[in-house]
Amino acid sequence: MSQQVLITNIQRYSINDGPGIRTTVFVKGCRLNCAWCHNPECIHFYPEIYWKPSLCRQCGMCFDSCARGAIQPPIALRGDEEDEHYYKIDLTRCDHCMKCVEACFYGALVRVGEPKTVEEILDEVERDMPFYINSGGGMTLTGGEPTAFPEFTRELLRGAKERGIHNCLDTSGFCEWEILDSMRPYTDIFLYDIKCLSGKQHLLRTGVNNSPILANLRRLAEVGADVIVRIPVIPGFNDSPEHMEQVARFLAGLGPSIIQVDLLPFHNWCQDKYRWLGREWEYRDVESLAASEIADLQDILEEQGLATTIGG
Amino acid sequence: MAAVETRTIEEIEKSGQWWWWAEHKRSKRLDYLRKAVWKKGAKGSGYQPGVKVDLERAVLFTEAFKANEHDSLRMRYAKALANVFDNITIFIQDHAQIMGYLGSRPHTIVWHPEILFLLNEDLYNDRTVIPEPVDENLKLIRELCDYWNPQTTGAKVFNLVPPEEIVKLLTGVIGWGLPISRIGYATKQWDYMFRLGLEGIIAEIDERIKEAEDRIYNKVPDPEDLPYYEKLDVWKSMKVVLEAVIRWARRYSRLAKIIAENFETDPKRKEELLRIAEVCWKVPAKPPEHLHESLQFDHFIQIACRYEACEGAWPARPDYWHGPFYDKDVNQDKVLTHEEALDLTGEFLIRCYEVGWFWLMLARDTLQGITGTWVWTIGGVNEDGTDACNDMTDCLLEAARLVRVANPTFAFRYHPNVRMKTLREVFECIRQGLGYPSMRNDPILITNAMHWHKHPLREARRWVHQACMSPCPDTKLGCQPFRMANATIIAAKAIEYALFDGYDNVLQMQFGPHTGDASKFETFEELYQAWYTQVKWMMDTLVKLTNGGRYMAQFLDPRPLLSGLYERCVELGVDSSHPSERGNSWITFFAWMETGDSLAAVKKLVFDEKKYTMAQLIEALRNNWEGYEEMRMDFVRAPKWGNDDDYVDQIHVRCHRDVAKHSWEIKDPTGNPWPPLPENIAAYVTNATKVWALPNGRRLGDTLYDGGCSPGAGLDKKGPTAVLRSVAKIDHIGDVRATLLNQRLSPQQLAGEKGFHIWHSYIKTWAELGIDHVQFNMVDNETLKAAQREPEKYPELIVRIAGYSAHFVDLNKKTQDTIIARNVQELGV
């Protein structure tokens, strides 16, 4: 029995995470805590619960099922309106036993994060093999942060390679070089996130220092790995032309390893996920960026000779 | 709307508002013709305001029918039809280049009083379509109803069937109406018509008549010659009506000339009218030589046939038959520019779109928004297997984007050697949210046509869609109006009957055979066998009745015009509905995929996990799940089709195999099998009130699944590739005649070169998986919701619903909601 890691989603037919038609595997757990994170369910290393108010009928079945008194008693629903202050689960008491999820008939309480083995994941990923072959696609491993589970990630990538599957590893780069280096034999393309070049800003908004991230990227470039750099464009954080010029110069200086840059415009479509998890999100009311709004940033990167897409 | 006008075409293109884009891109002529159309499709079940019934056709037909009462039935029909062609009012629309309309005025829909008394009474009771003066016309309609009702084809077919069977037909559970060839499907035999022209066919008929008369009158008496008395009448009736069609076309020729020479002041239009006069004089009497002539020939024949009967479909392969004329005129002789050809082609589509007739309320409901399932076949291969795509294919696809009609739609025969240029045109139509072409897997369907109905390879390669889905060649022996539109069953009812010992909870009567008290079933196998018995009984009952109607059609319901256009019929002196040796049948399975999902849920929760007993299940279902909501949610969450899950998928596969096996045991009048064809048109809404609660968690009235092999709305959780993997488990050659897969993709995903690359690799994989059909709905939910709120702003927004495209704003709220509820199968977000 190989190691199990919590997986939040195995998403088939992904076309924006590397070349072709891909299956994207999301691991649960990340050392960064980016303020804008659009996969908040993948941050914590333990299973969590979504509560979806629109599906909840306040039937009280979950209330009855909870031994720790972590479930709020049913309230009368106020039409279509969602009560901003009401959240079903008292997270200070909840121990994620999932009894309430089992009790819910309406899919309003949902477990987030299923333990899966490498073999289970690969069996599912392999099902779309004909699509990978025709489109030049494959598997993309993302999260969360796959390098937070070095042994598992390496096994998964190696297993995929053995089955003839093309691999992309989506990483923040925040790990020891040895871990990243050990993934190289099984990784066709690194999808490497760069958030900002200022160490201070990076620490402030992601919770970690960016110097290992930048150092790892330089080393990947030195050893000649294929890298697609992905830059989430966050309003008011890293979207100034001046900053993008710095990034462009930095990336251009890394040489031919950087095969592409993807600008990922900020979106707030994930605000429901925060609500379902019972978390506040400071970006909830920030408008999503349209591709056209960051076209000038794309120009800046392309001026440095970097092939750049918006949206991957 | 002023804001729209000031935007550039580029901006409109970017915003994806293709209906505005089309308005700006098309020529002035096409814009005029497109906007001058009276829409004949129903909104909900009522006709659009202003559309009126045309009484000229009914009156002229009846007049001549009465005057020739000593002739045979077929000759009376022939003469009645000839009287219509000789006397019905004709008109020429401004800017039009293609002539021929089904009705005396552009806003009218014809009424065929000789077909069905139910239809006649529907008209008498539908006061919105009666033309002025209403009282006088109602009196006339009453008289015509009284004259025709007892001798309509419907009344005669009723007499073939015992009363208790009629009840079954009228419920819609088995059979969608009556087996009547006048409302069946009829592929036209273009090679025969284009080779000879009607005059050439008449010359052949004359030879046959001469030969018959020789046999009967001048030979030593021989009993073997006696059938020639009958054949002689067949040939003579063909001739009467073919000659009348030529005269009808030439009336347009004269009218065009009269207008040109006496009234038209614009010299350019005058020239056009004189050209029209030449074209209509020449075709369909003689073979066409130019694109304008071939299109005009085709259209005259299609309209003429609809004066004869309410054909339930419009099978065509326009690129294959008009392609050589396009090539000659545009590429070789350069007598026509591409833009001129585009104008003609666009108008050709509009001329089809504007056709309508007064039709049954029930049918209007099920076909929402369109007059019939008019799917035109394009692409595919030639008889020798080479790519058949040509410049006319591209021209048709381009024209479709400019005129954006909901009917006809196209279905594209995809094969690995399709030329890239054409594939890009196909992609562009899908990307622009047209909802068509649907994609058909050519190698699979060629094999399928050979497998089920014995078509030899070269002929099978010439297949056209019979209605929405079925492949059958347009060759001498392939062409036959043999499948009738009534051959449908609501397949999910077999599950209901298996669970209730054949009792119908909706109709409150014993319907199917007794298969035992399901609450006492101890194994899954018992339930499965009960279901199999019920579904076989439904197929048998349908086929018995339909075979009867079919066989008798040549006597009760002859079609002299259509017969005269078929080489086989002219040669043999038989009616078009006379059985040939090739088959062309299928049973449409409405609400089919509920079957496997229901069986799988019972297997899992009752027999595998033993969470519930059969008795509990029957009790919950009897109560339509009311009071059993928690239990129902368990059944809803049981494994469902479309998630690449073998537990449920293999049950579906088994159901398909067993039904296919039984279809070889029930033969049509040609001795060929009746294969299943699962699809739904809009019946997934209209049938929702006819199917009782089911073990897949469905309650009475819940919308049914919308495809033939599509998962239930929102039940596919793993995205489009997992759906394809599930669907590929069905054998699309041996299990079904065809089956319909709906998928919706949002347009942002398919932008640019990357979008084409992804779509192309998706289609390549779909083809390799051996799936026979897929159609894409490319409109996002935001647009649909906006269209729901403000329908007046989205008049041309087309969505695809099972089997065809319709204007979204024409659909009822429930259907609109179902479309919105379907997963937008997002990529990567």
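Modeller: Let us begin with strand pairing. Two strands pair if DSSP finds at least two bridges between them. The model before us is a predicted one. In it, strand β11 (residues 587-590) of chain B pairs with β12(B) in the parallel sense over three bridges.

Biologist: Which residue of β12(B) is the bridge partner of Thr588(B)?

Modeller: The bridge partner of Thr588(B) in β12(B) is Leu677(B).

Biologist: In what order do the strands of the open sheet lie?

Modeller: Strands of a sheet pair through backbone hydrogen bonds, either parallel or antiparallel. Here three strands of chain B make up an open sheet, in the order β8-β11-β12, and the pairing is parallel. The edge strands, each of which pairs on one side only, are β8 (488-490) and β12 (676-678) of chain B. On average, neighbouring strands of this sheet are turned by 30° against each other, direction ignored.

Biologist: Let us turn to helix packing. At what angle do the axes of α14(B) and α15(B) cross?

Modeller: In chain B, the axes of helix α14 (residues 291-308) and helix α15 (residues 318-332) come within 8 Å and cross at roughly 160°. Angles over 145 degrees count as roughly antiparallel, and therefore α14(B) is roughly antiparallel to α15(B). The crossing of these two helices is left-handed.

Biologist: Which residues make the contact between α14(B) and α15(B)?

Modeller: From α14(B) come Leu291(B), Ser294(B) and Leu295(B), while α15(B) provides Trp321(B), His322(B), Phe325(B), Tyr326(B) and Asp329(B). By class, five residues of this contact are nonpolar, two are polar and one is charged.

Biologist: How is chain B divided into domains?

Modeller: Domain 1 of chain B covers 317-455 + 745-829, and domain 2 covers 482-558 + 586-743. Their contact takes 33 residues from domain 1 and 32 residues from domain 2 of chain B. On the side of domain 1 that touches domain 2, the elements giving two or more residues are α17 (361-366), α20 (442-453), β14 (773-777), β15 (798-801) and α34 (813-821) of chain B. Among these, α20(B) gives the most, with six residues. That side of domain 1 has 12 nonpolar, 16 polar and five charged residues.

Conventions: Residues are numbered from 1 along each chain as its sequence is written. Chains are lettered from A and ligands numbered from 1 in the order in which they are written. This is a predicted model: local features need pLDDT of at least 70, side-chain atom pairs count only at pLDDT 80 or more; totals for chains, interfaces and linings use all residues. Axes are lines fitted to C-alpha atoms, for helices over the stretch in contact, and angles run from 0 to 180 degrees between N-to-C directions. Helices (H or I, at least four residues) and strands (E, at least two) are DSSP runs, numbered from the N terminus. Angles under 35 degrees count as roughly parallel, over 145 as roughly antiparallel, 65 to 115 as roughly perpendicular and the rest as oblique. A crossing is left-handed if the near helix is turned anticlockwise from the far one by less than a right angle, and right-handed if clockwise. Two residues are in contact if their C-beta atoms, placed from the backbone, lie within 7 Å. Ala, Val, Leu, Ile, Met, Phe, Trp, Tyr, Cys and Pro count as nonpolar, Asp, Glu, Lys and Arg as charged, and the others, Gly among them, as polar. Domain bounds come from an automatic or database domain assignment.
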